[in-house]
Amino acid sequence: MTDTKDRTAYLDLDTKDETFLDATELVINMGPQHPSTHGVLRVILKLDGEKVLGTECVIGYLHRGVEKIGENRTYAMFNPYVDRMDYVASVSNGLGYCETVEKLLNVEAPPRAQYLRVILTELCRIASHQVWLGTHALDIGALTPLFYCFRDREEILKIFEKYCGARLTTHAFRIGGCLYEAYDGFEQDCKKFCDFFLPKLDEYEELLTTNRIWVERTKGVGILKPEDCIALGVTGPVLRASGVKWDLRKRQPYESYKDFDFDVPTGQNGDTYDRYLVRIEEMRQAVRIIRQASDRLPQGPIMAKVPKVIKPAVGEVYHSIEAPKGELGYFIVSDGSTQPYRVRVRPPSFVNLQALDKMVRGLLVADVVAVIGTLDIVLGEVDR
Amino acid sequence: MSLTPLLRKIFLVDLIKGLKVTFHYQSPSEAITEQYPLERPIVYERFRGQPRLNSNPDSGESLCIVCNLCALACPEQLIVVKGERNPATKRKEVVSWTYDLSRCMFCGLCAEACSTDALELTQDYEMALYSREGMILDQAALECGQEPVRYAK
Amino acid sequence: MLEAIKGYLSTNTTPGEAGSMFWATIYILIITIGISLAVICMNWLERKILAHMQIRLGPMRVGPHGLLQPFADALKLLIKEDIIPHDADKLVFWSAPVVVTMTSFTTFLVVPFGRTHAVTDLNIGILFMLGVSSLGVLGIIMAGWSSNSHYPLMGSLRSSAQMVSYEIAMGLAIVSAVLMTSLQTGTGTLSMIGIVDAQNAQQTWFIFKFFPLGLIAFGVFAIAMIAETNRAPFDLPEAESELVAGFHTEYSGFRWSLFFLAEYAAMLAVSSIAVTLWLGGWMRPFPNWLSGSAWNLAFSFVPALSLFVLAGMCLLGALRMPRIPQMRIQTVGLATFGSLLGFVGLVLLLPGVRERIQDIFWFVAKVAFFMYLYIWYRGTFPRYRFDQLMKVGWKVLLPTGLGVLIATAIWGLLPQLSTAILGVSQ
Amino acid sequence: MPEETKGSNSVSPSAGGDTPPVEKAVVPAEASASQSSAPLTKAETLATPAEEAKTDRAPATAEKPAPVAAAKAVAAKLGAPPAAKPSVPPKPEGPKPEPWESELVTRLRRQYGSGIKEASTYLGQRYFVVDSSVLYEILLRMRDDELFDYCVDITAVHYPKRDAQFDIVYVLYSFHNNERIRVKTQIKDGEHLRTVVGIWETANWLEREVYDMFGVTFDGHPDLKRILLPDGWKGYPLRKDYPILQQDKEWVQINLGIESGQ
């Protein structure tokens, strides 16, 4: 029933080479206040009737200058600002930053802190994928998955609130390990969430995966070939859905990911439907990791020996982790003082958004909305 | 059931499965909405909300020894503590303590840095006000908490 | 005056046919008020049922359980500013909602609520309904064109293309149903009351006639009717998540509520066609299995019973209301509403009333079931893209419609055909 | 951060940080406190000559009177600790970048000789410092021969004191042999670089951001214009001489019609 040939072939798209705006072309602004651009993103669409000839993204509406702030705060003070970049997956932002500074200080977090960090990051990955699924389905017209996703996400936010006191911008980790000891009943809560969540995930699948309208709207839409992915620097579920089996947690294990066995889901033909399947499978793998980690949570200290005033030696370090959206990298240059000399953040959404133009060419306007949803971009991270 | 895909397509099996899911969520017991003013959400013990300046339970005066660590630790530099040395007790007393709530991001660094845990983030989350000036909390507001502001036309 | 009413109640012809203009106007008044009441109730039902499907509560603040919400909406729309875009075509802009509302209300002229309860009994009833409902497209194009901005224009062109292409599939399904009416009497009838009488005569609903065919024709019509009223999986024209915000973007205030009214009235009209043609209009369920006077008596209590159930739910809700001062008015409101329903239920128990109310109740119950289906689809299905929508219309519904039509025709003619063939072969 | 480029930087190596801070307490506290930005820790206020040069590099946020007063209070309070403080054990010397030898380095050195200024690893991360003239060929070679087919990041660091003001950093990763290296080059202010959009398509926006934030122009870039800031904005925010609170008042006046908040 589902042929995988390029479905947009019949659109007989002939992109005109000269850019003269002839009568049939229509330039339309989509955003920055548009319900389906996941934040303040403005896409200028060049349309020929319904077909999209080309797009241009105008970003920067949410630019807060996080990197400039980084140069005027000490290492510990900059930690809360990092949560505000990808506000949907704030825990993994914090993990990336703390790990980079620990690498700069040549310090290793103790095993108990590493396991706590892995549990919280995987919970935050599930929460981020749930927000993606809810808004992506809403853009394509299915109203109810949004509410089911947010009901399940509420359980994760309760665990965050019990653990570190905040639900969204958690500021859960400190440089050198975790500040808060796991509250008693932390492992039971995580296990209870895992048992609660898996049947709910099957319900999302029942609602969407085999639904013919959903398949029709997503199969063969926004196809990205593997070599384009690598050339465009696209990472994360979008890359894996195009068939490249690459996950930083496996290829360059950080924290204690090497202790857990989980597999990396990949897709075949890199269309919106495969990216949907990859992310749903990733949620299942995250549940597997949480179960293993909360079973084998070791005892011991939760904070490495880190001086009260952090003054790393002169030098620079680049370190990246597998955030829910892709490879989130930090490049910190230290000049020996208490404030970083330069903090560069390599955000996955910013780089993945570049692929929008190549994916959307030749599709219809309704598909632009679906493709923006499947790229799973968060504008706080794109604009920094 | 391994019906061939064609049969499943004809008998709309996938659509009916979706309908079944939404149908069984209709019973009112499944609804999770909280009627906010009446049903209060449960707030957990480590919640970082409205800051509060604790005072010594028996002697009643503030625990703060004006060590200024919180002002230095705050990324937004929104705490300003002034105090001067009381010659009699050789210890510093607080003269003025201002906390700019409008810029606070509740990261909790000030509460961590406080040496005598005078400053603490409580579990109170209702901090809405009608004016930006009201956001600058002084010592009295910090110690006994803000009283809710009645809406007056 | 009294014997005039009694005289009328005993006749077995519709007022329009009997030529008494007085009763016809009364019926028209009842139907118009009835539809607006149904739309208000539908507004509340849609919000509450959709909310509960999405595990939330829906309106709870305006009146007990949001019962006054539709009135609040109506009032808000009435007093909202009525903006006419800068150089819009005033006349066309003004008349578009009128055209749309008028067409969707006139379709109720021939809807048979009961054996004698229809404004008139045209002998081309179903054709009249189809013709008038396709006039609605005209109003939509006028609205889109006259708002002088390209979003509504694109929206109106899309929805008109959608409605036109699904009307054909609807037509085919209706013709196959009308064919079935000619089985007993040899001559089919287009009149709505005639169709229901045919089902009465054949003692089966057309949905179960010639087993798979009736169901397939009903399926084709059900899908086409959703697309006809721009609802659920086909609600592309006013898909807010897309560029185009639908033909009624530039309308506001009372004009917009007219479009809203017209949309729901069209939904009611189209589902009443479906009920009349396939689900046996005002006939009570299981006419042939559970026939016999005992069952008739049992079924006649159902209207009163359903109202008692509703009243019970309201009173239960009132009891479970939290005991705090602000909520006291709401509990009192709910309790009075519940007791009102209970009282109406009692009235329905009276033997005189019970007989006459039967037909109307069953018809309205079936149409209500269709309304529930509309809301259910809206809560579950994603939205089709425009070209897929047209593909389903032309490549799926049209062929099945044709196939069903031919199949019913052949199946219907089997007895004559066999005698003809046998006759020839002897 | 190789030692010799650091040398010419503000921190004079001779002073180092190890002179016991106590004798230097008499250093004028007001001078360092007034210009230094408020969030200084205790060690900062006892400005030894080595750090004094650095404090003016930290952008002055003098206009926030309150926190500076707080810093002065701390300085005054700390000035009075008992004199005899046990001499702090000299801070263990931080990790130093060691030169890195591998057949990749030798191949590049053989071909480009002086072009490769330095190849070393720091904390296990390998990087090259390359002369800007041969940068493009090296990057092309990296992608074609050495299979570094994924350009992770392009960014810049600004050293106002150095004559070659900007450090342009290319972080490359190879899917084939799961290896990540950094290629750095140093260019003066106003010097142009050749764009690498031809080599990796992802460089398009990354270079636009470097241009937007640092003012480094890349020749041959498809559409080099600002990406995060509005087009008419003047000034490059991530340069060190661009104070944190400054806004382009004129742009705000024209476009938003309000007086800029600063």
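Predicted model: local features only at pLDDT ≥ 70, side-chain atom pairs only at ≥ 80, totals over all residues.

Student: Which way do strand 5 and strand 6 of chain D pair, and over how many bridges?

Tutor: The general idea comes first. Strands of a sheet pair through backbone hydrogen bonds, in either a parallel or an antiparallel way. Here strand 5 of chain D and strand 6 (residues 179-187) of chain D are antiparallel, with nine bridges.

Student: In what order do the strands of the chain D sheet come?

Tutor: The sheet is open and has six strands, in the order 1-2-3-6-5-4, with mixed pairing. Strand 1 (98-99) and strand 4 (150-158) of chain D are at the edges; each has a single partner strand, so one side of each has no neighbour in the sheet.

Student: What joins strand 1 of chain D to strand 2 of chain D?

Tutor: Two bridges do, and the two strands run antiparallel, strand 2 of chain D being residues 116-122. For one of the pairs, find D:Pro99: its bridge partner in strand 2 of chain D is D:Ser120.

Student: Which strands of the sheet does helix 8 of chain D touch?

Tutor: Helix 8 (residues 203-214) of chain D packs on the sheet and touches strand 4 and strand 5 (166-174) of chain D. The direction of helix 8 makes about 5 degrees with that of strand 4 of chain D.

Student: Let's move to the interfaces. How many residues of chain D are in contact with chain A?

Tutor: A general remark before the count: the size of an interface is often given as the accessible area lost when the parts come together. Here we have contact counts instead: 38 residues of chain D are in contact with 38 residues of chain A. On the chain D side, helix 3 (42-45), strand 4, strand 5 and helix 8 each supply at least two residues. Strand 4 of chain D gives the most, with six. By class, the chain D side has 23 nonpolar, eight polar and seven charged residues.

Student: What does chain A bring to its contact with chain B?

Tutor: There, 20 residues of chain A are in contact with 19 residues of chain B. Helix 2, helix 5 (144-164) and helix 6 (186-208) of chain A each supply at least two residues of the chain A side, and helix 5 of chain A gives the most, with five. That side of chain A divides into eight nonpolar, five polar and seven charged residues.

Student: Now helix packing. At what angle do helix 2 and helix 3 of chain A pack?

Tutor: In general, two packed helices are described by the angle between their axes and the distance between the axes. Helix 2 (residues 75-83) and helix 3 (residues 90-105) of chain A pack at about 150 degrees, with their axes 8 Å apart. Helix 2 and helix 3 of chain A are therefore roughly antiparallel to each other, and their crossing is right-handed. The residues that meet include A:Tyr75 and A:Val82 from helix 2 of chain A, and A:Tyr97 and A:Val101 from helix 3 of chain A. This contact has four nonpolar, four polar and one charged residue.

Student: How does helix 3 of chain A pack with helix 4 of chain A?

Tutor: The angle is about 140 degrees and the axes are 8 Å apart, helix 4 of chain A being residues 111-140. That makes helix 3 of chain A oblique to helix 4 of chain A. Among the contact residues are A:Leu95 of helix 3 and A:Leu120 of helix 4 of chain A.

How values were computed: Residues numbered from 1 in each chain as written. Chains lettered and ligands numbered in written order. Pairing = 2+ DSSP bridges. Helix = DSSP H or I, 4+ residues; strand = E, 2+ residues; numbered from the N terminus. Contact = placed C-beta atoms within 7 Å. Axes fitted to C-alpha atoms, helices over the stretch in contact; angles between N-to-C directions. Nonpolar A, V, L, I, M, F, W, Y, C, P; charged D, E, K, R; others polar. Parallel < 35°, antiparallel > 145°, perpendicular 65-115°, else oblique. Left-handed = near helix turned anticlockwise from the far one by under 90°.
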